[in-house]
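Me: I have a model open and would like to go through it with you. Could we begin at the surface and then turn to the ligand and the salt bridges?

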Amino acid sequence: MTENLGTAEGIRVRAKAFLAEHDPAEMGKQDFNDARFDAGLAWVHYPEGLGGLGLPRSLQAVVDAEFAAAGAPSNDADRNAIGLGMAAPTILAYGNDEQQHRWLRRLWTGQDIWCQLFSEPGAGSDLAALATRAVRDGEDWVITGQKVWTSQAHLASRALLVTRTDPDVPKHQGLTYFSCDMTAPGVEVRPLRQLTGEAEFNEVFLTDVRIPDTDRIGPVGEGWKVANATLMSERVSIGSGRASARESGMIGPVAATWRSRPALRTRGLHDRLLRLWTEAEVARLAGERLRQQLAAGQPGPEGSAAKLVFARLNQEISGFDVELAGSDGLRYDDWSMRRPERANFYGRGPGYRYLRSRGNSIEGGTSEILRNIIAERVLGLPPEPRVDKDVPWKDLPR
Ligand SMILES: Cc1cc2nc3c(=O)[nH]c(=O)nc-3n(C[C@H](O)[C@H](O)[C@H](O)COP(=O)(O)OP(=O)(O)OC[C@H]3O[C@@H](n4cnc5c(N)ncnc54)[C@H](O)[C@@H]3O)c2cc1C
């Protein structure tokens with residue numbers, strides 16, 4: 001083939017050639033998506049052999065459009081947001097060759113749904129204080145502890161897990177990062193019902209769970225560094241994870257209500273809607289720029305700003321949404337307990353959107369923590385004094 005793959009036309013020709021040989025109507029979904037991954041058309045900015053072709057990320061949109069037009073099956077990206085947005089870049093940056101080949105194809109095709117076992121009852125913003133222990137036993141590690149707020153754990157077959165392997169050194173130094181098999185004996189997942197009525201997240205108890213050393217990601221004692229890579233990806237993933245059309249976020253349903261129900265309009269509301277609409281559009285375009293600047297898997301602290309703005313706007317817009325709906329906005333459609341298959345910020349009515357958006361300034365790092373990161377790592381302002389920096393973890397007050 002002579003096409004210049006680094007151009008939109010070149011990658012389009014490659015996608016069409018693949019589709020000519022793989023008819024989505026004739027093939028099963030898994031076989032089709034496996035073949036797509038093997039051809040490097042899953043995420044073109046990933047390396048060859050790992051679902052990509054080492055091309056600019058912006059060319060993925062060309063591939064996706066060709067596949068959509070041909071009726072190709074999706075990989076249900078919404079069900080595996082943590083896998084695609086956080087696990088994959090972490091594995092790419094810190095996993096070894098064998099791990100990358102073992103995990104990434106199953107992840108991209110949705111065979112494995114991933115969750116994130118980071119937060120604990122005593123360690124949220126201060127993640128480095130975590131207490132879940134990993135103790136070496138031959139070729140395995142034995143894990144004991146409790147994690148909390150684990151989104152999608154009820155669906156996940158694999159998890160990103162940070163543990164404490166050395167309690168005798170300062171808290172950031174004694175951590176080690178693993179991938180945990182969620183079906184292993186000793187893993188117990190219990191639903192946690194949230195403000196919306198749903199149980200999107202869970203608490204996860206780990207009792208003598210054995211993880212082979214071959215599932216350790218990165219060196220022993222360097223879990224903090226690996227965890228930071230995951231957290232940076234998380235912020236980009238939540239704040240500006242995917243190419244999105246104008247009005248596709250929280251502003252979409254509000255603009256639709258505004259257009260379809262003129263009786264609700266007032267001049268004051270009009271002014272506010274225009275301001276929010278403009279801010280949402282600026283945030284969308286800024287997110288697009290951020291995404292295009294990223295090399296595969298390596299976001300920096302700048303992603304924190306996108307996540308911060310995302311949370312603020314979602315909360316403001318959903319407040320406006322409730323107000324615009326008048327007395328209807330006070331009704332809540334359905335408070336049944338569900339364990340949803342995907343995080344859904346914009347589904348259902350104004351009441352749901354309003355309540356769900358409260359979590360946006362907590363999940364993936366609270367807005368206060370993100371402001372600290374922007375201050376220290378983007379603007380270079382003096383850091384917060386950290387009195388516990390040199391104290392062994394086991395001697396810290398609890
Ligand atoms: C919808 C949702 C989904 C989630 N999914 C997951 C998941 O899948 N996996 C996972 O591991 N976790 C998950 N989390 C947990 C989330 O990461 C934590 O809730 C978050 O990191 C905050 O930790 P915390 O709840 O312990 O609050 P705390 O850390 O106790 O914070 C309490 C308050 O103190 C403020 N604060 C704390 N430290 C500072 C500081 N140094 N400076 C200024 N203010 C500070 C915080 O901003 C916050 O307002 C999820 C949370 C939500 C809401």
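Me: Which residues form a nonpolar patch on the surface?
Reply: Val378, Leu379 and Leu381 form that patch, with about 280 Å² of accessible area together. Please note that this is a predicted model, in which local features need pLDDT of at least 70 and side-chain atom pairs count only at pLDDT 80 or more, while totals for chains, interfaces and linings use all residues. Residues are numbered from 1 along each chain as its sequence is written, and side-chain values use heavy atoms, with hydrogens and water left out.

Me: What are the cut-offs for a patch and for the areas?
Reply: Patch residues have over 30% relative accessible area and no salt bridge; like charges are joined within 9 Å, and nonpolar side chains (Val, Leu, Ile, Met, Phe, Trp, Tyr) within 5 Å. Accessible areas come from the Shrake-Rupley method with a 1.4 Å probe, and for residues only the protein chains shown count as cover.

Me: Where does Leu381 lie?
Reply: Leu381 lies in the segment after helix 11 (367-378). Helices (H or I, at least four residues) and strands (E, at least two) are DSSP runs numbered from the N terminus. Leu381 is partly exposed at 45% relative accessible area, a class that falls between buried (under 20%) and exposed (over 50%), with a 1.4 Å probe and protein chains only.

Me: Now the ligand. Which residues come nearest?
Reply: Ser119, Ser125, Trp149, Thr366 and Glu368 come nearest, out of 17 residues around the ligand; a residue counts as near if one of its heavy atoms lies within 4 Å. Helix 11 gives the largest share of this shell, three residues.

Me: How many residues of the shell are nonpolar, polar and charged?
Reply: Five are nonpolar, eight polar and four charged. Here Ala, Val, Leu, Ile, Met, Phe, Trp, Tyr, Cys and Pro count as nonpolar, Asp, Glu, Lys and Arg as charged, and the others, Gly among them, as polar.

Me: What is the distance from a ligand oxygen to the side chain of Ser125?
Reply: An oxygen atom of the ligand is 2.6 Å from an N or O atom in the Ser125 side chain. For Glu368, the distance from a ligand oxygen to a side-chain N or O atom is 2.7 Å. A ligand nitrogen lies 3.3 Å from an N or O atom in the side chain of Asn372. Taken alone, the ligand exposes 970 Å², of which the protein buries 69%.

Me: Changing topic, how many salt bridges does the structure hold?
Reply: There are 40 salt bridges, each being a side-chain nitrogen of Lys or Arg within 4 Å of a carboxyl oxygen of Asp or Glu. One of them pairs Asp34 with Arg105, with the closest N and O atoms 3.8 Å apart. Asp34 lies in helix 2 (residues 29-38) and Arg105 in helix 5 (residues 97-108), so this pair ties together parts that are 71 residues apart in sequence.

Me: Is Asp34 buried or exposed?
Reply: Asp34 counts as buried, at 14% relative accessibility, whereas Arg105 is partly exposed at 30%.

Me: And which side chain meets Asp137 in a salt bridge?
Reply: Arg210 does, at 2.5 Å from N to O. Arg210 is in strand 7 (residues 201-212) and Asp137 in strand 2 (residues 133-137), 73 residues apart. Arg210 also meets Asp140 in a salt bridge, at 2.9 Å. Asp140 belongs to strand 3 (residues 140-147), 70 residues from Arg210.

Key. Polar contact = N/O pair within 3.5 Å; in protein donor to acceptor, adjacent residues only side chain to side chain.
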